[in-house]
Amino acid sequence: MTTLYDVIVVGGGLAGLNAAYEFKKSGLNVLVLEARDRFGGRTESIKVDEYWFDLGGQWMGGTHKYLKQLCDELGVKSFPQYDEGKHVLEINGKKVYYSGNISTLNKGYDLEGLNETIQKIDELASELNPEAPHAHQKSREYDHLTVSEWLDRNTKGIDAKSIINWFCRVCVAAEPSEVSFLYFLHFIRTAGSYSLLADIHGGAQQDRLIGGSQQISEGLAKKLGSSSFALNSPVRAISQDANQCSVRTDLTTYRAKYVVVAIPPTLAGRIDYKPPMPAKRDELTQRMPMGSVIKTIVIYDEPFWRKEGYSAEAISDQGPIFICYDDSSHDDKKTAIVGFIAASAAKDWAEKSPEERKQAVLECYARWWGPKALKPRYFLEKSWKEEEYSRGCYVGYTSPGILGQCGEALRKPVGRIHWAGTETASAWVGYMEGALESGFRVSKEIKQRLTNSKL
Ligand SMILES: Cc1cc2nc3c(=O)[nH]c(=O)nc-3n(C[C@H](O)[C@H](O)[C@H](O)COP(=O)(O)OP(=O)(O)OC[C@H]3O[C@@H](n4cnc5c(N)ncnc54)[C@H](O)[C@@H]3O)c2cc1C
């Protein structure tokens, strides 16, 4: 007879591992099944000349309390994101170098209504319940609109509108004409505000981790111990009856009292369930695609931009890089720029050759900071759409007509199967913090059920 685990966790990313660690601390018998040959999912750190760079999740925000706690527990140190000097704003074919806040730019840009629109978005977002955006009385009204449709009706300045459209592309990694306005509000609600998502100081891009972010997952796996996980184990099927679940990988079938599926919804929809999922859950997994991002890191021999008074921070709707930052190491011994090709541009650029992409990124930096940008030491990149067990990033999003009607199915357990992953978070959806939060939430749900069943 095979072992009957208390809980099997599908997915060894931050959500699944954090949940598993909580189970383990409570003395439960837990097994994590991870498809890849590594932990960390959408976090992946790569070593270049003794320094770690992140090809996936990278920044720890000022309000990312669970991530901070875990860093402290695992002895992972952080350092602030460099942002001294002038930034680039390149919107609607106009380029300016600026310091301070974009909204104060008054030459050449039509920013009428930018602050008011952001304030309005924050107000509407704050009315949502982060655990149940679908429960808001206007949820379906908001969910019938895309972000760009709402902006067309509510923003005056042409460049103001383009900046918020750009924000949607870089934060959700999907076109504003694809993203449901309800989803956009929910995303902002769980982060706290538009500026918390956009900002460095106090915001989502505040700090970086020395040694990279994947070490958090590796640290959690170490705490679990090797008898509590199996790598190279993609889960293909889950069946359940009134008493237990069976979880099938290519080689083995495991048994557990409960299962946590801690993978993006669209990948969860590729698992074969017996009995089949209820209609709303299945529809949600059919209609929650992943965003599109190619992350690039260009390593240079020297930080030439710093010497010329630039921060390496740029906002562009021309691309191919839509946003970038200084990515130098904590001791400044390895100097680099991290840049993102986002939304539909990422899908188009993914079809070009690596050499074409590299050249286009370097030319983009040369456009902003001069010809020294054309001479890197290394060029690293990762297109997350190509990853079999991610199929995109940073997060699954919804187009109109799905979150309002099927939102409840994101987190509502189906029999003995519970759902985790950053998409299910009520704080910082799409971020490492959201993944960790979902792990805590799902572990509480199952521990409660195990306690009740013993009564
Ligand atoms: C380019 C990029 C930049 C980002 N930047 C940031 C940032 O700066 N700050 C931040 O906080 N967040 C950032 N994120 C987002 C952050 O990395 C994710 O929100 C977080 O890592 C998600 O964790 P998760 O556990 O929910 O999901 P995942 O990391 O996707 O974990 C799911 C795991 O399940 C596995 N899996 C999938 N299918 C199966 C299956 N059938 N059976 C078994 N295992 C399976 C996967 O291999 C994966 O390991 C970024 C992400 C990317 C890709």
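Start by selecting glutamate 34, in the loop between strand 2 (30-33) and strand 3 (45-48); strands here are DSSP E runs of at least two residues, and helices are H or I runs of at least four, numbered from the N terminus. You're in a predicted model, where local features need pLDDT of at least 70, side-chain atom pairs count only at pLDDT 80 or more, and totals for chains, interfaces and linings use all residues. Residues are numbered from 1 along each chain as its sequence is written, and side-chain values use heavy atoms, leaving out hydrogens and water.

Glutamate 34 is buried at 5% relative accessible area (buried is under 20%, exposed over 50%, partly exposed in between, with a 1.4 Å probe and protein chains only). Show what surrounds glutamate 34: beyond residues up to four places away in sequence, it touches Gly11, Gly12, Gly13, Ala230, Leu231, Asn232, Ser233 and Pro234 (contact means heavy atoms within 4.5 Å). Its side chain reaches the backbone nitrogen of glycine 12 at 2.6 Å.

Next, click alanine 35, in the loop between strand 2 and strand 3. Alanine 35 is buried too, at 19%, and its contacts outside four places in sequence are Asn232, Ser233, Pro234 and Tyr389. An unreviewed UniProt entry lists Glu34, Ala35, Val235 and Glu423 under "binding site"; such annotations may be inferred rather than shown by experiment.

Now for the largest nonpolar core, of 96 residues, where Val172, Tyr183, Phe184, Tyr365 and Trp369 touch the most other members (a core joins buried Ala, Val, Leu, Ile, Met, Phe, Trp, Tyr and Cys through side-chain atoms within 4.5 Å). Helix 6 (residues 158-172) supplies its largest share, nine residues.

Terms used
A polar contact is a pair of N or O atoms within 3.5 Å; within protein, one must be able to donate a hydrogen and the other to accept it, and residues adjacent in sequence count only if both atoms are side-chain atoms.
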